[in-house]
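Hi everyone, and thanks for making time for this. I'd like to walk you through a structure that may be new to you, so please have it open as I talk.

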Amino acid sequence: MRIFVLGVGATGSYLAKLLLRQGHRVTCGDRDPERARSFLGARTPIPVVPVNARDVWSIVKAARGAQLLVNACPPVLNRIIVRAALRVRAHYLDTAAHYTAHPYKVEHLTFAKSFESKHRAAVITAGVAPGLTNLLIAAGADLLDTVDTVKVRLYESTDADGPFSQWSAEASFDEAIARPRVYSDRRFLLGRRFGEREVFRFPPPIGPVSVVLAAQDEVVTAPYVIPMRSMDAKFGGSDIDRLRRWYRQGKLRKSRRPVASRFTPTATPRIVRRLLKKGMLSNAHFAASVIVDGMKGERPTTVRWDVTIPSLFQLRREGLHSSPIAWATAQMAALFIKQFPRNCPGVHPPESLPADCRRALLRDARARGFRITKRITSRAPQDD
């Protein structure tokens with residue numbers, strides 16, 4: 001398949017390399033080709049062309065002839081890039097949403113009929129969280145007769161002497177200032193930033209961690225696909241504790257732009273290698289848990305999924321100088337492309353994909369190095 005990857009940062013560059021290994025013809029586009037090549041590496045055969053991702057026609061010119069347009073840019077640009085994909089009659093994939101059209105619906109749904117009319121498919125929020133977490137929500141629901149509540153819990157932690165973000169500066173800033181979405185009693189609500197603090201026990205070696213409400217895309221896609229009563233998402237870890245502290249100090253406001261001293265530019269593999277060598281960066285971790293509560297027959301049942309991602313130290317031993325989040329997001333996006341539903345026109349969040357496709361994705365994720373465990377707990381029927 002001819003694939004055009006737009007946005008060549010930590011995730012986009014690694015994804016492009018994975019797609020090349022999968023046998024695709026890959027071209028990349030970025031506003032700064034020289035910076036893009038610093039992520040891709042000097043020896044890569046993947047061509048990079050200059051593209052202004054804020055200009056539909058700039059994208060159309062660069063992506064013409066592509067069968068799939070992969071959006072690895074900040075999600076604030078989604079609507080522009082989706083329009084470009086439709087103009088070149090390409091399938092589309094991205095890893096995050098931005099809610100620019102409606103506070104409780106992802107912006108891609110506005111284009112569903114356009115994709116159907118052109119017989120093209122768009123797979124959205126197809127990374128690790130969201131993405132893999134959506135698949136686990138659906139897999140949990142498949143094991144139950146009815147779903148009551150869904151909880152997504154994420155862990156992000158970095159051991160470094162100074163600020164080092166596993167996400168891009170733009171993504172980290174958006175995550176910090178966005179109002180969390182909550183689905184409560186079958187109604188969508190806006191939660192309080194860094195609110196509803198609780199202690200959640202992640203699998204060893206992480207253990208109990210304080211988590212707070214997060215602005216996660218799963219909350220505004222899964223309830224439309226899977227009938228449920230309530231759903232929320234929370235995150236914790238040293239990276240989140242730092243953002244929460246800055247927010248309480250009044251240093252995070254929508255009117256401000258990301259400050260370089262707090263939201264550092266995405267580190268290239270060479271910079272990561274140098275920081276590790278100097279001891280300024282020791283390790284980084286990312287983990288996810290999904291808990292689906294409901295009924296199986298007459299018994300209340302809980303399905304819990306835990307996902308462990310290779311740490312920065314483990315990736316380094318394999319010769320990769322990538323953050324766990326960038327590695328995991330690129331790996332999952334590559335798998336979504338491997339299982340891409342070309343014959344299903346329309347817009348699809350991961351949980352709405354056909355069941356056989358979802359099962360294949362989870363099987364492939366385990367084969368790629370994601371440790372995914374499942375635990376089912378069934379309780380005695382409740383008295384009327």
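Let me begin with the naming: helices and strands here are DSSP runs, a helix having at least four residues and a strand at least two, and they are numbered from the N terminus. One more thing before we look around: this is a predicted model.

With those names in hand, please find the loop between β6, residues 121–123, and α6; Pro 130 sits in that loop. The peptide bond joining Ala 129 to Pro 130 is cis, with omega at about 10°. There is another cis bond to show you, between Pro 204 and Pro 205, and its omega is also about 10°. For that one, look at the loop between β10 (198–202) and β11 (207–213), where Pro 205 is found.

Now back to α6, the helix that covers residues 132–142 and holds Thr 133. Is Thr 133 buried or exposed? Its relative accessible area is 1%, and buried means under 20%, so Thr 133 counts as buried. And what is Thr 133 in contact with, leaving aside neighbours within four places in sequence? The answer is Val 128, Val 152, Leu 154, Glu 218, Ala 288 and Val 290.

Next, let's see how α6 meets another helix. Two packed helices are described by the angle between their axes and the distance between the axes. The partner is α13, residues 355–367; α6 and α13 pack at about 120°, and their axes are 10 Å apart. The two helices are therefore oblique to each other, and their crossing is left-handed. On the α6 side, the contact is made by Leu 132, Leu 135, Leu 136, Ala 138, Ala 139 and Asp 142, while α13 brings Arg 358, Leu 361 and Leu 362. Sorted by class, that contact has seven nonpolar residues, two charged ones and no polar ones.

Let's stay with α13 for a moment. It has 13 residues, and from first C-alpha to last it reaches 19 Å, close to the 18 Å expected at 1.5 Å a residue. Which residues of α13 are buried? They are Cys 357, Arg 358, Ala 360, Leu 361, Leu 362, Asp 364 and Ala 365. The cover over these buried residues includes α6, α12 (324–338) and β16 (371–378). After α13 comes Gly 369, with a positive phi near 115°.

From α12, the contact takes in Met 332, Leu 335, Phe 336 and Lys 338; from α13, Leu 361, Asp 364 and Ala 365. By class, the contact has five nonpolar, no polar and two charged residues.

Let's turn to two spots with an interesting backbone. Arg 89 has phi near 55°, a positive value in a residue other than glycine. You'll find Arg 89 in the loop between α4 (78–87) and β5 (91–94), and at 40% relative accessibility it counts as partly exposed. The other spot is Glu 196, whose phi is positive too, near 50°. Glu 196 is in the loop between β9 (187–190) and β10, and with a relative accessible area of 45% it is partly exposed.

What does Ala 85 touch, not counting residues up to four places away in sequence? Leu 69, Ala 90 and Tyr 92.

Over in strand β9 we have Phe 188, buried with a relative accessible area of 17%. Beyond four places in sequence, Phe 188 touches Tyr 104, Val 182, Tyr 183, Val 219, Val 220, Pro 223 and Tyr 224.

Key:
Residues numbered from 1 in each chain as written. Predicted model: local features only at pLDDT ≥ 70, side-chain atom pairs only at ≥ 80, totals over all residues. Heavy atoms only, no water. Buried < 20%, exposed > 50% of the residue type's maximum accessible area, 1.4 Å probe, protein only. Contact = heavy atoms within 4.5 Å. Axes fitted to C-alpha atoms, helices over the stretch in contact; angles between N-to-C directions. Parallel < 35°, antiparallel > 145°, perpendicular 65-115°, else oblique. Left-handed = near helix turned anticlockwise from the far one by under 90°. Nonpolar A, V, L, I, M, F, W, Y, C, P; charged D, E, K, R; others polar. Expected span 1.5 Å × (residues − 1).
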